[in-house]
Amino acid sequence: MVRRADAPDVVRPPAFRLPPRSERLDALGRREFDVLVIGGGITGAAAARDAASRGLSVALVDKGDWASGTSWRSSKLVHGGLRYLRSGDFRLVFESLAERALLERLAPHLVVPLEFLFAVLPGRWVSRAALSAGLTLYDLLSLGRGARRHRTVPAREALRLEPLLGGSGLTGGALYGDASTDDARLTLENVLDAAAMGAVVVSRAAAEARLRDRIGRFAGASVRDVETGRSIEVLARVTVEAKGPWSGPGPSGGNGLRLRLSKGAHVTVPFPRLPVRHAVAIPVEKGRLFFAIPSGPVTLLGTTDTEYDGPPEGVAPSRADVAYILARAGEAFPVSALRTSDIISAFAGVRPLRYEEGRDSAWTSREEAIGSAPGSVSVIGGKLTTHRRMGERVIDAAVRQRRGEMGTAGAAGRSRTRSRPFPGAPADGMPAFLARWEAEARAAGVPSSLARHLGLRYGSRASAVLALARGDPAWPTPLVPDLPDCEGEVRFAICEEDARSASDVLVRRTHLFWQTKRVLDALPRVQKILGRELGWTADQANESREEFETLVAVSRDASGEL
């Protein structure tokens with residue numbers, strides 16, 4: 001049998017437990033690191049994982065939770081970027097398709113093949129002939145990796161596949177494959193795997209000032225523990241800034257990079273209100289696609305793409321954003337007659353795009369840009385799909401700066417992320433793993449629906465959830481009715497996944513914020529477990545509660561509920 005070049009040997013990581021935060025915080029100031037990464041979104045997490053895989057000493061800090069900026073606010077897709085073919089960005093599509101296939105293999109619990117129906121509607125920017133040509137090229141660029149080849153379908157068959165498109169004027173369609181993901185967990189598992197390879201990872205640690213050495217090179221950063229106010233000097237041979245939309249004021253990013261900010265908003269509605277059988281791609285203005293994506297108990301709708309010039313921490317969906325999304329959904333699915341009262345959640349993020357003269361955000365390339373100065377590397381732009389490759393390129397740039405000085409005996413190894421599975425990736429693939437895990441969990445008295453939920457969310461780490469939960473008879477108790485998320489997951493999020501607040505638990509470790517209108521019903525129990533495990537003061541408990549309640553209030557205001 002001939003081995004494909006894109007299928008390297010797999011080396012499975014050992015089981016790992018994250019050390020207590022106090023130990024990690026102390027470790028930041030004890031040594032000079034080869035690499036300090038500032039920014040715990042998907043790009044910074046990928047860079048830290050890549051650096052650690054080379055045997056480099058690594059520190060990773062973020063002023064908030066992991067993925068708490070843009071990285072959890074995506075369309076939750078790992079895809080080739082079909083629309084980029086229209087702008088001739090073939091290299092980005094080719095690379096994205098290669099990375100999609102690799103992630104499906106190395107993180108099958110997080111990156112799951114998903115069938116799409118592209119709906120051809122009258123008066124839009126794509127015809128049936130153009131769609132067929134584009135998807136043929138999409139298939140060719142994928143080199144047969146991963147998802148199956150496309151198939152065009154006439155309007156009658158498209159309506160049979162998705163009856164809710166009735167009344168939209170549908171003229172035809174095509175089936176093609178891409179993948180869905182849990183964006184927050186994909187980021188988190190990058191962080192956890194970096195730590196498993198020796199990186200010191202600390203959230204809620206804000207880098208506030210750059211340090212310089214005697215000859216003027218950047219030499220690390222002064223980092224403040226957000227929880228205690230303690231300041232630590234973190235020394236590093238190279239500092240990587242992966243701060244996303246926080247990369248710099250106005251159009252200026254780090255190390256001379258020019259930054260353009262674009263806001264993307266999404267809403268979720270109950271799946272029974274829009275029960276699509278496929279992810280549906282709908283062409284809209286400026287060559288963009290609008291998606292309706294089934295995601296468990298909800299259907300995710302979006303996204304918008306508008307210029308943004310405000311502070312990243314202040315980004316929020318507006319009522320105009322919500323109206324736009326509902327209007328596009330109404331054009332494609334008129335029989336559903338979605339209303340603002342159907343909306344479970346509305347959220348928005350800021351894309352940190354590289355600036356391109358004469359292009360608005362919709363046509364700006366999604367490729368990353370990397371800039372360097374002595375002792376410093378900065379990165380902006382890029383896609384969730386290509387995060388692994390971005391991390392590799394960023395660390396290549398860091399190693400080039402201090403070649404011969406980084407790593408054991410000054411020899412930095414090669415990146416191993418192309419062959420290293422993510423922490424929850426089962427060794428025997430998802431179908432075999434789920435069958436085995438569900439049988440084991442049922443034998444331990446776990447209800448079937450909960451066992452499957454844990455297996456799908458955590459992959460091979462599901463057994464660790466169960467091991468931590470034993471001895472607590474309340475652990476299987478659902479946080480809200482009709483959804484499987486349980487109290488045991490809250491404790492696991494705190495003890496094993498670095499959760500430090502209600503938002504960490506309810507937005508990024510579980511996803512109840514955007515999956516149920518009853519999320520506030522879960523807040524008191526989540527707060528109680530957090531307080532017990534973290535030893536909170538009354539002020540800390542209030543801060544956590546108020547932060548989450550504000551997030552819910554902003555969402556409901558955008559939906560017109562307040």
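**Note on the predicted model**

1. Val267 stands opposite Leu301 in strand 14. Strand 14 covers residues 298-302, and its antiparallel pairing with strand 11 runs over five bridges.

2. How much of strand 11 is buried? The strand spans residues 259-270, and eleven of its twelve residues are buried, leaving it mostly covered.

3. Helix 4 holds 15 residues, 128-142, and its length can be checked: at 1.5 Å a residue it should span 21 Å, and its end C-alpha atoms are 21 Å apart, which agrees. Buried in this helix are Leu131, Gly134, Leu135, Tyr138, Asp139, Leu141 and Ser142. Seen down the axis of helix 4, the buried residues fall within an arc of 165°, so they line one face of the helix. An α-helix has 3.6 residues a turn, so residues three or four places apart point the same way.

4. The other side of helix 4 has Ala129 and Leu140, which are exposed. The buried residues of the helix are covered by elements that include helix 3 (90-106), strand 4 (111-120) and strand 6 (172-181). Just past the end of helix 4 comes Leu143, with a positive phi of about 55°.

5. Arg100 pairs with Asp178, and their closest N and O atoms are 2.8 Å apart. Arg100 lies in helix 3 and Asp178 in strand 6, so this pair ties together parts that are 78 residues apart in sequence. Are these two residues buried or exposed? Both Arg100 and Asp178 are buried.

6. The structure holds 53 salt bridges. One of them joins Glu496 to Arg17, with 2.6 Å between the closest N and O atoms. Glu496 is in helix 12 (residues 487-497) and Arg17 in the segment before helix 1 (21-28), so the pair ties together parts that are 479 residues apart in sequence.

7. Which residues form a network of salt bridges? Asp65, Arg204, Asp504, Arg508 and Arg509 are linked in this way.

8. Asp34 sits in strand 1, residues 32-38. Why does Asp34 count as buried? Its relative accessibility is 3%, and a residue is called buried when that value is under 20%. The side chain of Asp34 makes a polar contact of 2.7 Å with the side chain of Arg237. Setting aside neighbours within four places in sequence, the residues in contact with Asp34 are Leu56, Ser57, Ala236, Arg237, Val238, Glu405, Met406 and Gly407.

9. Glu405, one of the residues in contact with Asp34, has a salt bridge with Arg402, at 2.9 Å from N to O. Glu405 is partly exposed, with a relative accessible area of 36%. Arg402, by contrast, counts as buried at 8% relative accessibility.

10. Not counting residues up to four places away in sequence, Ala337 touches Arg273 and Asp342. Its C-alpha atom is separated by 39 Å from that of Glu95, which is 242 residues away along the chain.

Terms used. Residues are numbered from 1 along each chain as its sequence is written. This is a predicted model: local features need pLDDT of at least 70, side-chain atom pairs count only at pLDDT 80 or more; totals for chains, interfaces and linings use all residues. Side-chain values use heavy atoms; hydrogens and water are left out. Buried means under 20% relative accessible area, exposed over 50%, partly exposed in between (1.4 Å probe, protein chains only). Helices (H or I, at least four residues) and strands (E, at least two) are DSSP runs, numbered from the N terminus. Two strands pair if DSSP finds at least two bridges between them. The expected span of a helix is 1.5 Å times one less than its number of residues. The arc is that of the directions from the helix axis to the C-beta atoms. Contact means heavy atoms within 4.5 Å. A polar contact is a pair of N or O atoms within 3.5 Å; within protein, one must be able to donate a hydrogen and the other to accept it, and residues adjacent in sequence count only if both atoms are side-chain atoms. A salt bridge is a side-chain nitrogen of Lys or Arg within 4 Å of a carboxyl oxygen of Asp or Glu.
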